[in-house]
Amino acid sequence: MEKGVESLPRTLELITDPQSGLAKLCFVEQNQLPHALVISEATQAQQITVAIKTLAVRGAPAIGVAGAAAIALWAINECEGTDAAELLESLEVLAAQIIATRPTAVNLSWGVKRVMHLAQRLAQEAAGPAIIKQALFNEVKLMEAEDEAVNRRLGKIGAALLPEQCRVLTHCNAGSLATVFFGTALGVVHTAASQGKIREVFSCETRPVRQGARLTTWELSRAGIPCTLLCDDAAAVLMAEGKIDVVLVGADRVCKNGDTANKIGTYNLAVLARHHGLPFYIAAPSSTIDTSAETGKDVVIEQRSADEVSLVLPDNTQVFNPAFDITPHDLITAIITERGAFKPSELAAVY
Ligand code: MRU
C-alpha cells in the first residue's frame with residue numbers, strides 16, 4: 001500500500017452531488033476507526049451537528065470547517081423559496097446551535113462566524129439568496145484548501161525544531177483526521193518523517209474515548225511511521241527512561257497569554273515534560289488562537305457524558321469527565337503556527 005501522508009483520506013469534503021444537485025459533506029466517520037474506514041455523507045445541517053456532538057467528526061480544525069459546511073448545507077439544501085432576510089434569520093439561529101455543540105475549540109465558532117459574516121455582508125449589499133448560497137459553498141471550499149495549506153506550512157516550521165532521530169510523545173489525535181488534511185501536531189510529524197527525522201512516535205491512549213489509541217495509531221500506521229501506544233499513565237516512565245525527545249501536541253484554543261486548552265491529560269504531560277527537562281510544543285493554526293481569551297480562565301471546558309468514562313457504574317457514582325484541560329503558558333516551550341514558532345510571551349505581539 002502507498003505510504004506517507006498522501007495515503008490518508010481527506011477528512012472532509014464538500015461536493016455537489018451530480019445526481020441530486022444537492023450540496024453534500026463527505027466525512028470520515030471517526031467513531032468507526034480503526035476497524036473500518038467509512039465515509040459518511042450529510043446533506044442536512046442537523047446531520048453535521050450530530051456528527052460533531054458524537055465525535056464522528058472531531059478535532060478542532062475539522063469541526064471548524066464542518067460547522068461552516070453545516071451553514072452552507074442548510075442554506076443550499078434546506079431553504080428553498082426564502083428571501084435573503086429570511087435566510088439570514090434562520091442561519092443565525094442555526095449558527096448559535098452549532099457553536100453550542102462543542103464550546104472549547106475556538107475553531108468551531110471561528111468557522112461558523114466566518115461564513116456568517118460573509119452571508120451578512122452579501123445580504124447588506126442586497127445580494128439575492130442564490131448568490132449567498134453559492135458564496136457559502138465557495139467559502140467552505142476555500143476553507144478546506146486553506147486548512148491544508150496552513151497545516152503544511154506549520155508542519156515545515158515545526159519539523160525544523162525537531163532533532164534528528166526524534167522520538168515524539170503525542171496525545172489525542174492532532175493529525176490529518178483532526179483537520180481537513182495533513183494535521184497540526186502530526187502534520188509536524190508527517191513533515192519530519194518525510195525528511196527522515198522521526199525514529200518513533202509514542203501515542204498516549206487518551207482516555208476516555210481513546211483518540212490516541214484509535215486514531216493516531218491508525219493514521220501513523222497507514223502513513224508508515226513507527227508508532228508505539230501507551231496508557232496515559234505510562235508517560236512518566238517513558239520520559240524517566242530517556243525514551244522521549246520532545247512532547248508535541250495540538251490545541252483547541254490558545255489564549256492571548258499562551259495558556260492552551262487541549263485534550264484532557266495534556267496538562268499532565270506538560271508538567272512531566274518540565275520535570276524531565278523536555279521541550280513541550282503546541283502546534284496549531286492561527287484559527288486556534290483566541291486573543292479575546294486573556295488566559296485559560298476565560299475558556300469554557302466542555303464536560304461530557306459519564307458513559308464515556310465507564311458503561312457500568314455502581315449506583316450514584318459521580319463522574320468527572322472534562323474533555324479538555326488548560327496547560328499554563330509557562331510550561332510551553334513554543335507554540336508552532338503557520339506564521340512561526342513563538343514563545344507564549346511573544347504571541348500577543350503577533351496576534
Ligand atoms: O475531542 P476531540 O477529539 O475533538 O479533541 C480535540 C482534539 O483533537 C485535540 O484536543 C487536539 O489535540 C486538538 S485538534 C488538532
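Ala, Val, Leu, Ile, Met, Phe, Trp, Tyr, Cys and Pro count here as nonpolar, Asp, Glu, Lys and Arg as charged, and the others, Gly among them, as polar. By that scheme, the shell around the ligand divides into seven nonpolar, six polar and four charged residues. This is a predicted model: local features need pLDDT of at least 70, side-chain atom pairs count only at pLDDT 80 or more, and totals for chains, interfaces and linings use all residues. Residues are numbered from 1 along each chain as its sequence is written, and side-chain values use heavy atoms, without hydrogens and water.

**Ligand**
- The shell holds 17 residues (a heavy atom within 4 Å of the ligand).
- Closest are Arg58, Arg102, Asp252, Asn262 and Lys263.
- Polar contacts are pairs of N or O atoms within 3.5 Å.
- A polar side-chain atom of Arg102 lies 2.7 Å from a ligand oxygen.
- A polar backbone atom of Gly59 is 2.9 Å from an oxygen of the ligand.
- A side-chain N or O atom of Gln211 is also 2.9 Å from a ligand oxygen.
- Alone, the ligand exposes 400 Å² (Shrake-Rupley method, 1.4 Å probe), and the protein buries 99% of that.

**Cavities**
- A cavity is a set of points, on a 1 Å grid over the protein atoms alone, where a 1.4 Å probe fits but cannot get out; lining residues have an atom within 4 Å of a point.
- The lining of the second largest cavity includes Arg102, Gln211 and Lys263.

Terms used:
1 Å grid on protein atoms, 1.4 Å probe; cavity = no way out; pocket = protein on both sides within 12 Å on 5 of 7 lines; lining within 4 Å. Polar contact = N/O pair within 3.5 Å; in protein donor to acceptor, adjacent residues only side chain to side chain.
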